[in-house]
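My notebook is open and the viewer is running. Here is what I looked up, entry by entry.

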Amino acid sequence: MAIQTEYDPDSDRIMAVSFGPQHPGAGHFRLRLWLDGDYLVKSEPDPGYIHRGEEKMSEYRNYIQNVPHLERPVILDSSNILFPYALAVDELMGNKVPERGQYLRVIMSEINRIISHMYFIAIEGLFTGHTTLITWCMGDRDFWIDLASRIGGARVTFAYIIPGGVRNDMPEGLTEKALKTCDWFEKRMDEYEKIFFKNPVVLTRMEKVGVLSSQDAIRLGAVGTVLRASGVKSDLRKDEPYSHYDDFDFEASSLNGGDSWSRAYVALLEMRQSVKIIRQAFKNIPTGPVRLKLGPQPRVPAGEVYARTEAARGEMSFHLISDGSPRPYRLKIGSPSFKNMRVLPHLLKNVHIADIPIIYWSLNYWPLEADR
Amino acid sequence: MSKTEAEGPPSTPVRAAVPPDAGLPSTAVPQKPAPERARDLASRITSKFPDIKVDYMREKRLKVTTPSPRIKEVAMMVRDELGFDHPSAVSGVDWIAKDEIEIVYFISSVSQAGYRNFVVALAERIPRGNPVASSLIDVWAGVEYHEREGQEMLGINFVGNPYKGHFLLPEDWNDMPPLRKDYVSPGR
């Protein structure tokens, strides 16, 4: 009997199965699958298991009190979720952030991008059955966490990028350590390429799996690595240079494959660019203050602003409305994982069940960030 | 909320003379300075729809406020004629003092490299007591989940969006939509 490829609710061949929220690979997220044998006919995401109401919560707190809880949705990439928030508040207040503060924002944002991408390719390696990559990446990631903790004071949630600049200056003598980490890491990335990305077994497993065309990526609102792996060279650091990104020599990475392999490999290409940026930033960082003194309860004039930055997973945006009171009137977080979620049911159909983890994780979907 | 009216975008000091699309594939891109391109966009909208208000949140953020029944028409024009093809986010604001709910679609442009640093905020206001709006999933498929969120968080009924269940909230949620201003979080 032929496999049923179309979803038909009355058919007794179709079985509904849940992937998650207890599945160790799915995170706190449930994917509803309709299967015919091991053939996936239809899928539907069911998020919300860790919805924490960040947007409502921020309406009860003032602009500085909002900083620590806003980075909770994505602790892997915590500086990059605070970056657009800080830009939004700065824009409403008309803050002119000191040059050194701008550079430190860029440094922290790029270190966080590497930390997040390392986690991404580590788990992609795990789902491909490549346990070497996960152990290597998790180990090497710690050197970056170590560097970040020297600047931010914590391992993952730094609350470092704040309105008006950054929380504190970096310690003296860090440049040498950072440049050494950059040199060492570039050599490590060559090894990841050899052992994973150019590995024939991995290529067989990931190439042409879950292909997303560039038209579909744009139409469905995909952002970040997903969009760039589908041949669209759209990177806000280049398109809309904020925080002195136009001072740095780097390239927006993109690939034309649109498959799971391209989505993972574009992350590696981005890490190479991040290393380039970090090296330039440490070499050229100006001296001076790192933040403006805004006080514990800054007065934010009434206004509306839409700020966006390129986080590790893609475009992170904040729609902030102030009515002149000490607290935001409305704060909408547009997180890249929520934007990329629309791609999931598009890719997760007409594939075999063994491809689900590969495609799912190649989207770099982070349930906490999507739920907020 | 907007800073200036339709006569022109606010001028922000430009730090370095770097073209916004450096390093991008050059399609047919008008290489004019940003304020001029912003005025271009605004005039193209107002010449087609004279009754529609175009504000600037700032120079690269156009806010187009349309009457609710005409939003689809304007959205089609923004997509097909201006080339804004990439849905970025959909936000909703509860203006409780004015008894209105505002829906804002933030749309960016990806295929037109020259407008990648622009965002068009397409806004409509609907009565708070009867929050019915037409869905724009036919125009930008990517707004589907964003509308689901607005549906449950602000209680907006998007006509044309087939999903009516709970998306982020628990299935047994039976209180009012939590992002409404008169909803008070537990413990507050």
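**Entry 1: a helix pair.** I began with helix 4 (residues 99–127) and helix 11 (residues 260–284) of chain A, which pack at an angle of about 155° with their axes 9 Å apart. I am working with a predicted model here. An angle over 145 degrees counts as roughly antiparallel, so I noted helix 4 of chain A and helix 11 of chain A as roughly antiparallel to each other. The crossing of helix 4 of chain A and helix 11 of chain A came out left-handed. From helix 4 of chain A, the residues making the contact include A:Tyr103, A:Ile107, A:Ile114, A:His117 and A:Phe120. Helix 11 of chain A answers with residues including A:Leu268, A:Met271, A:Ser274, A:Ile278 and A:Phe282. I sorted the residues of this contact between helix 4 and helix 11 of chain A by class and got 15 nonpolar, two polar and four charged.

**Entry 2: another helix pair.** Next I turned to helix 5 (residues 131–152) and helix 6 (residues 174–197) of chain A. Their packing angle is about 165°, and their axes are 11 Å apart. Helix 5 of chain A and helix 6 of chain A are therefore roughly antiparallel to each other. I looked up the handedness too: helix 5 of chain A passes helix 6 of chain A in a left-handed crossing. Among the contact residues I wrote down A:Leu133, A:Asp140, A:Phe143 and A:Arg150 of helix 5 of chain A, along with A:Lys177, A:Arg188, A:Tyr192 and A:Phe196 of helix 6 of chain A. By class, the contact of helix 5 with helix 6 of chain A has eight nonpolar, two polar and four charged residues.

Entry 3: In what order do the strands of the three-stranded open sheet of chain A run? I read the order as 6-7-8, with antiparallel pairing. Strand 6 (303–311) and strand 8 (328–334) of chain A are the edge strands, each pairing on one side only. The twist averages 15° from one strand to the next. I counted six bridges in the antiparallel pairing of strand 7 (residues 314–322) with strand 8 of chain A. A:Phe318 stands opposite A:Ile333 in strand 8 of chain A. Helix 3 (residues 78–93) of chain A lies across strand 6 and strand 7 of chain A, and runs at about 150° to strand 6 of chain A.

**Entry 4: two domains in chain A.** I found chain A divided into domain 1 (1–46) and domain 2 (54–371). Taken over C-alpha atoms, the centres of domain 1 and domain 2 of chain A are separated by 31 Å. In the contact, 15 residues of domain 1 of chain A meet 15 residues of domain 2 of chain A. Which strand gives the largest share of the side of domain 1 of chain A that touches domain 2 of chain A? I traced it to strand 3 (residues 39–46) of chain A, with seven residues. That side of domain 1 of chain A has seven nonpolar, five polar and three charged residues.

Terms used:
Residues numbered from 1 in each chain as written. Chains lettered and ligands numbered in written order. Predicted model: local features only at pLDDT ≥ 70, side-chain atom pairs only at ≥ 80, totals over all residues. Pairing = 2+ DSSP bridges. Helix = DSSP H or I, 4+ residues; strand = E, 2+ residues; numbered from the N terminus. Axes fitted to C-alpha atoms, helices over the stretch in contact; angles between N-to-C directions. Contact = placed C-beta atoms within 7 Å. Parallel < 35°, antiparallel > 145°, perpendicular 65-115°, else oblique. Left-handed = near helix turned anticlockwise from the far one by under 90°. Nonpolar A, V, L, I, M, F, W, Y, C, P; charged D, E, K, R; others polar. Domains from an automatic or database assignment.
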